[in-house]
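Thanks for making the time this morning.

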Amino acid sequence: MIKYTPTEFLKKPILVLVLFLSIVSFSFLSSFAQPVPAEDENIPFLVTFGNAGLKSWGDDDFCQIYFLSVPMTQKTPIYIRVYDPDCGGQFDEMYGSDDTKTKFSIYGGIGAWSDKDAQKTDPIGNFKSGTILDSKTFGVDAKYDNNWYTFGPFNPSDGEKMNDFGVYYFKIITQGIQGDDGNLYRYYFSSSADENKRIEGSNAFTYEYTFRMPDKPGSVCHLYPYMTENVISIQQYNFDWDADGQMRIVSYEKKGELATLSNENDWKNSKHLIAKTEQKSSLDFQFVKSKTDAKPNNNICFYMTNQFGEFLQFNAIPIGGVPKYKYDGLINQMQQSEKFNNIKKSNSK
Ligand SMILES: [Ca+2]
Ligand SMILES: [Ca+2]
Ligand SMILES: [Ca+2]
Ligand SMILES: [Ca+2]
């Protein structure tokens, strides 16, 4: 038998506690990391085509708009990092010559978000509202192929001040201004210029997603629209799904309510009722890729409105956490206890 001195014995539980706490804090940190799309969404890339692209390739308007919220408590500069901003080389969806130019523009100041035109899904009217802070156009560029470009530093107060929410909002507009190719890219909103470090308490959201589905059959992607307390029904709109499986809604009340699907180069929509118990939480809107007839390179657009026709926000980090169907925990518990009872029975034989 191993014998411990009293101090060694004391150290043991402390070590275990330290280990436990570091695991907990690591998983806490990683779940709050800020890649966009977020890890939980399981979306490999955002996509924006050049404005000469065919809509049947899956981008309806050659424009993607994102907002970044930075808490007022953030005192050090922030950076907006783009992975693979070029269009060519790895990842991108090329047709004919490499002729596509993609413009990334960062906005802050008054109106960046609060202008109503900024909160719509079509790039019309004054959607470039606010103050432009920086902008860069990328074509084919080996330097940024499979690599990061960093915008910034920006002072948090360069964003639009939202006193009610205690945050500053930044807007990132990505537009395909030339060519017909699909630019695939991702963001990371960082507190560091040359590495991906989360900005504590920040989040990112958009009103319309244009993204690439994973190629792997059976993959599930997730979007997390937030249901405010006045939402009693939603209408989901999807474009160019290409008969690539199913879309379903999971929430406290819904175990996988099916949504109406688009096919090639069309929009489809369906209405879904929202119960009181689903308000003030996020929905888990799932895109379930076909297992038997998976479509490669599938790009889709997606947005959602409430019963007033207002566009809903999709948050990279779901507000209130990832929603779960009300009986799922219970079913799990029942299965666990059944397993336990079976083990007990077989042991007692
Ligand atoms: Ca590339
Ligand atoms: Ca081309
Ligand atoms: Ca790219
Ligand atoms: Ca498509």
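Let me begin with a definition: by a nonpolar core I mean a set of buried Ala, Val, Leu, Ile, Met, Phe, Trp, Tyr and Cys residues joined through C-beta atoms within 7 Å. Buried, in turn, means that 20 or more other C-beta atoms lie within 10 Å of a residue's own, whereas exposed means 12 or fewer and partly exposed is anything in between, with the C-beta atoms placed from the backbone. Please keep in mind that this is a predicted model, in which local features need pLDDT of at least 70 and side-chain atom pairs count only at pLDDT 80 or more, while totals for chains, interfaces and linings use all residues. As for labels, residues are numbered from 1 along each chain as its sequence is written, and chains are lettered from A and ligands numbered from 1 in the order in which they are written.

With that in place, which residues of the largest nonpolar core touch the most other members? This core has 73 residues, and those with the most such neighbours are Tyr66, Phe67, Leu68, Phe170, Ile172, Phe189 and Ala204. The core lies between domain 1 (41-212) and domain 2 (215-337), because both of them give residues to it; the domain bounds come from an automatic or database domain assignment. As background, nonpolar side chains tend to be buried together in soluble globular proteins.

Leaving aside its neighbours within four places in sequence, Phe67 is in contact with Trp113, Tyr169, Phe170, Lys171, Ala204, Phe205 and Thr206, where contact means that the C-beta atoms of two residues, placed from the backbone, lie within 7 Å. Across the protein chain, if we take the contacts between residues at least 6 apart in sequence, 81% of them join residues at least 24 apart. Of the 349 residues of the chain, 40% count as buried.

Now to the secondary structure, which comes to two helices and 22 strands; these are DSSP runs numbered from the N terminus, helices being H or I over at least four residues and strands being E over at least two. Two strands count as paired if DSSP finds at least two bridges between them.

Strand β21, residues 299-306, is mostly covered, since six of its eight residues are buried. It pairs with strand β12 (residues 208-212) in the antiparallel sense over five bridges, and there Glu208 stands opposite Tyr303. Strand β15 (residues 233-239) is also joined to β21, running antiparallel through six bridges, with Cys301 as the bridge partner of Phe239.

Let me turn to an open sheet of four strands, which has the order β13-β20-β16-β17 and antiparallel pairing. Its edge strands are β13 (220-223) and β17, each of which pairs on one side only. Within it, β16 (residues 245-250) is joined to β20 (residues 284-289) by six bridges and to β17 (residues 255-258) by three, and a hairpin of four residues leads from β16 to β17. Val250 takes part on both sides, standing opposite Asp284 in β20 and having Lys255 as its bridge partner in β17.

Another joins Gly152 and Pro153, with omega about 10°, and Pro153 lies in strand β7 (residues 148-154).

Lys75 and Ser157 are 82 residues apart in sequence, and their C-alpha atoms are 8.8 Å apart in space.
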